[in-house]
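Let's take a walk through a protein model together, starting with the whole chain and then zooming in on a few spots. Keep the picture in view as you read.

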Amino acid sequence: MKRLHIIPNTFDQNTWSVEEVDDVLVYLKQQFTVLPENTRIYHNSIAPENDVTPIDERGVRNLQALDGDIYVVIEPGYDPFTIAYLVIAAITLAFSVYTYMTMPKPQNQSPQSPNNDLASRQNQIRLNGRIPDIYGTLLSYPDLISVTYTFYNEKGIEVERSLLCIGRGYYQIHNMKDAETEVSDIPGTSISVYDPFTDITGTPIYKNGRTFTDTPLAVAISDSITGQVLNAPNKPVFMDFGYTYFTLDGYIRQTSGSFATDIQAGDSIVIYGATIGTPDFRFSGNILLKTNNSVIFETTENISSLGFENLSLNGALIELEGAQPDPEEPKEPNFYRDFSGVYNVTGVSKSTIAGGFQYTVNLSNPVNENPSWQYLIEDKTVNAGLQLINNRDAIHLDDEYVVEDIGSDYIKLVDPELVNPEWSFLTNLPNQNSASIPLEYVISKLDPDAAWVGWHNIFMPDAEFLYVNIHFPNGLYRQNSKGGTSEDWTTGVLEYQHIDADGVPFGQVYTVDLHYTNATRVPFGDTKIVPLLAYGSVRFRLCRTRTDIANNVQAEMRVKDVYLAKRSDKINYGNMTVIQSEAVGNDGLYSIKERKLNCLVTRKLKVDGVGALTPTNSAEQALIDLALDEYIGRRSMNELDVVQMKAEVAKIIAYFKSDKAAEFSYTIDDPNLSFEEIAGMVASTVFCEPNRFGSKIQLQLEQPQENAVLLFNHRNKVPKSEKRTESWGVKNKYDGVEIEYTSPVDDTRVKYIASEKANPTNLMSIKSTGIRNEAQAKTRAWREWNKIKYQETSVQFDALDESEILLRNDKIIVADNTSVETQDGEVVEVDGLVLVLSQDVVFEINQSYKVYLQLENGSVDMIDCTATEWTNEITLTRPPQMPLVTEDGKYIKTTYQIVKAQEVESSAFMLTEISPQGIMTNSLTCVNYTDKYYEKDHSFF
C-alpha cells in the first residue's frame, strides 16, 4: 500500500488530501486528465533529490514500482483560480509505444550526432560520444576522429587535413558534398573513404582527388591564436640613406643633419642593416639540396665576396619517399619534411654559366641543425628562399645596445664592443671609422612588450613538432614607381620553451628565425615545422623583426595557427568506416559559407544476420543486426525468430501495398538507450510492436483486428480491481497531430499536420525517429490523431494468469464488471448448440443478443444467441469455431459475455500496457477498440 499526497495548491492546506492506493498511476488516471507542466512528483519527502516525475515510459514504470509516500505537488506557476478549472489527468499509457519513442527526450549529456542535431549539422569532435550506428539511408555528417589542422603547401596555398568517421559498420556511399557543393566540383579537394578493418593508406571504397599514402598528424591546437598581426617589438625612430658612420669609441655620427628622435639616455635601441663591407645575399627560386650536404642555386647576381659563414633556408618543404627497411616489406608512405633553418657554411664556390652564375654552398653537418637531413636519400629540388649571411669580409653591427648619451648629430652607446665584438673591427678601416662607406640602416627604440604575440601554452606530452602557419593576407611585394611589382622580404622570430604539466616553463628558450621573400599580390602562407629536440608541451611567442618597411612595400604578416603535433601510427580503426579528407583553399572552397562535409549513405548489413553484406533500408534487417551486435543486443541467432520477422514484414508490405512502410533510417547516437528501447523504436517506425515468444524476438504488426484474443469477465479479473474512465471530447483538447520527420529529398526536417481543421491551434507534437518517407510519416500522424480522436473509454484492471499471452495492441473483450447489468461468467456444460452458464441470463423483449466465447486457442468467437426456457441457458445459432472447455484444470476455460447486438463494440478494447502486478496476476490498461484508428492507412502509400 502507498500513501499518495495530492497538493493542488501549496498555499492552501485545505486543498491537500492523502489517499492509500495500490497503484499511483491508476489513481492519478481516475482523478485527473492532464498534469500541468509545473507539476512535480516526489518520493518520501519533497526535495529536489527525491524528484521522480516521469519524463519517459521508463520513468512511468519506476513510479509504479515505488512504495511509501508519494507527493504530487502543483508548484507555483498557476494561481488557485486557474488550477480549479484545469482539466488535468495523469500520465496515460493510452497511446502506442511509438508515441513514447518519438516524444522529445531529456537532453543527453554526451554530444549528439550532427546527423540528428539539426541546429548544428557540421563536422565536429564528439568527446565521449557514442560512435554513430546508422541504419537505412540518410545524410551523414561524419564525426571528426581527431583535431583538424591546416598547413600551407609549396605554393603557399592553405590545405586542411581531416580524419572522420561515418559510423560503425559498412556503408554504400551515394555522393560526397561539402555543404551543398559536390566535392568533385571543388578543385584540389581529396576524399577517400575506407571500409572497416581497412588501412587508411589502403584501397578506398570511394575516392576523389589524390591517393592518400600517409596518415594525418595528431595535433593540439592553440586556441589563443586567432590570426593576430605580427608587429616588430620596437619602434623605428631613425632611418638613414646618406652618410652615417660608426666610430671605434662607440659613437654613431651624422655627417649632415641631426638625430631628430625621442631616444633618451638609458633607452635600449636596436640597429638593423648596419653591415659594413659585403652585405647579406638573398635569393628565392629553385634550390637543389644534395645528399653530400651542399646546396646549389643559380642567379644572375655576381657576388664579389664568398666568405659567408651561415646559410638560412626558408620554406624548404620537401616530399620524401618512405623507407623500405626490408625488401620483402612494403615501403612506408611518403611524408613531408621541412629543411628550413640556419646552417654553418664551410665554403662557397662560384662557377660561370650561361646567363649568370652557379653557387655551391657546402654545409657543416646540417643534420645537427635540422634532423630532416637524415631522410634526404637522393638530391631534391625545392622552390624556396635562402640567405647567405655573416660574411667574414664584412662587419655586422646589428644588435641591441644601451644609449649612454645623445646629441643633435651623435648617439653614444654603452660599451658596444662588449655587446658585439665586431665593433672592434672598425680599427681595420680608414680613420678607424666607417665614414667612407654609405649605409642604409634603421635605428629602433626597443619596446619588447608592445608586439609579441604570446607567451601562450600548448599541452601535448608526446609532441614531436611545433607547427606555425604564417599568412600574408595581401601578398608580399614592393611596388615600383610605375605601379609594377617586384620582390621584397620580411622577417620574424619564433621563441619557444618547454613547460611541465602545470604550465611552468623550464629549460632554455629556443629561437627560430622566420624569413619570407616574394613578389606577389596574391594572399599566401607558409608553414614552419620545428622539430622539437625534446618531446613535450611548450609555450611560444612570435613577432616580426624587420622594421624598415617603406610605404611602397606590402608585408603584413599574421600568425594563423600554431600546433603541437606528432606522427600518428594508427592506420586501422577496426569496425568503423573512416574518411581521409584534404581540402585545398581556393576560390571553389572559399565560396562555401560554412564547410560541412556530408555524404548520402546506406548501411550494408548481412542478410538475415548471416548472408552477404547488402545495402538495405529494411527495418527487420536493422533489428536483426542490432540484436546480434556484440555491444547493443548481444543476442545469438537462437534468440531471433528471423522467419517470423520476415513474414511479418511481408505482411506489412502486403497490408500497406508498399515496401516504403517497412523502412527504417536513423542514426543511433544516444549511449543511454537500451536494446529494448532501440528495438521499440525500430518496430514502431514500421507500425509494429517487438515481443518475445518463448526465448525468440518477434514482430507484431498493428492493424485492424477482426477477432479478439481473450475475453475478460468477473471470472478472470481480480475482484474490485476494475476502474473505468469515460472521456468527453478529445483528450487534452487537441485538434490535430504534428509529426516531424526527415525529408528524403534533402534530409531536412519537415512537418506534417493531421487534422480536420484548416488552422489547428493545439497540436500534439511528435518528433519521429527512423521515418524518411512521406507516406510513412503521414500514415503515422493520422493513426496517432485517430487514436486521440476516437478514444472514449479507458479501463484498468488486474487480470489472472491467462493474460500472460497478451501483447500490446491486442484486441480483447472486456466485460464491464463495474455495472450490475453486465452478463458474464463461465460455460458449465455444452449440449449441442445449448450452453449451460454459470449465471442466469436476462433477455429483453424485442432485443437481439450475441455471446462472446473464449476459445482454448486464445481467440474469442462471437455468435448470435437466444434464450431457452431455462434462465441459465442460451442457444447458439451456429457451432463455435472449436470445442468449448468446461473441465477444471484447463489453462483457458471457456468464459462468456452476453451483449445486445447493437452494443457489441462497447466490449472491444485494445491493450496499451501490461505489467506484472502480483503472483499470477497482471495489471492491464486498455482503451476502446475501433477500426477507425486505421481509416487513413491506405491514403498515402
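This is a predicted model: local features need pLDDT of at least 70, side-chain atom pairs count only at pLDDT 80 or more; totals for chains, interfaces and linings use all residues.

Step back for a moment to the chain as a whole. Its secondary structure comes to ten helices and 64 strands. How much of the chain is buried? Of its 941 residues, 52% count as buried. The contacts tell you something about the fold, too: among those in the chain with a separation of 6 or more, 74% are between residues 24 or more positions apart.

So what is on the inside? The largest nonpolar core has 48 residues, and L626, I652, F664 and F675 are the ones that touch the most other members. Several elements supply at least two residues each to this core, including helix 7 (619-628), helix 8 (642-656), helix 9 (675-685) and strand 63 (908-918). Take I652 as an example: if you leave aside its neighbours within four places in sequence, I652 is in contact with K657, A661, A662, V686, C688 and L701. There is also a second, separate core of 29 residues, with I225, V530, F540 and V562 among them.

For helix 7 and helix 9, the axes come within 10 Å and cross at roughly 175 degrees. Angles over 145 degrees count as roughly antiparallel, so helix 7 is roughly antiparallel to helix 9. On the helix 7 side the contact is made by A619, L623, L626 and A627, and on the helix 9 side by F675, I678, A679 and V682. What kinds of residues are these: nonpolar, polar or charged? The contact divides into eight nonpolar residues, no polar and no charged.

Next, look for R780, which has its place in helix 10 (residues 774-789). Its relative accessible area is 1%, and buried means under 20%, so R780 counts as buried. The C-alpha atoms of R780 and F687 are separated by 7.9 Å, although the two residues are 93 residues apart along the chain.

Finally, visit two loops. D415 lies in the loop between strand 32 (410-413) and helix 5 (416-419), and it has a positive phi of about 40 degrees although it is not a glycine. At 40% relative accessibility, D415 counts as partly exposed. K720 is found in the loop between strand 50 (711-712) and strand 51 (723-726). Phi of K720 is positive as well, near 60 degrees, and K720 is a residue other than glycine. Is K720 buried or exposed? With a relative accessible area of 84%, K720 is exposed.

Key
Residues are numbered from 1 along each chain as its sequence is written. Side-chain values use heavy atoms; hydrogens and water are left out. A nonpolar core is a set of buried Ala, Val, Leu, Ile, Met, Phe, Trp, Tyr and Cys residues joined through side-chain atoms within 4.5 Å. Buried means under 20% relative accessible area, exposed over 50%, partly exposed in between (1.4 Å probe, protein chains only). Helices (H or I, at least four residues) and strands (E, at least two) are DSSP runs, numbered from the N terminus. Contact means heavy atoms within 4.5 Å. Axes are lines fitted to C-alpha atoms, for helices over the stretch in contact, and angles run from 0 to 180 degrees between N-to-C directions. Angles under 35 degrees count as roughly parallel, over 145 as roughly antiparallel, 65 to 115 as roughly perpendicular and the rest as oblique. Ala, Val, Leu, Ile, Met, Phe, Trp, Tyr, Cys and Pro count as nonpolar, Asp, Glu, Lys and Arg as charged, and the others, Gly among them, as polar.
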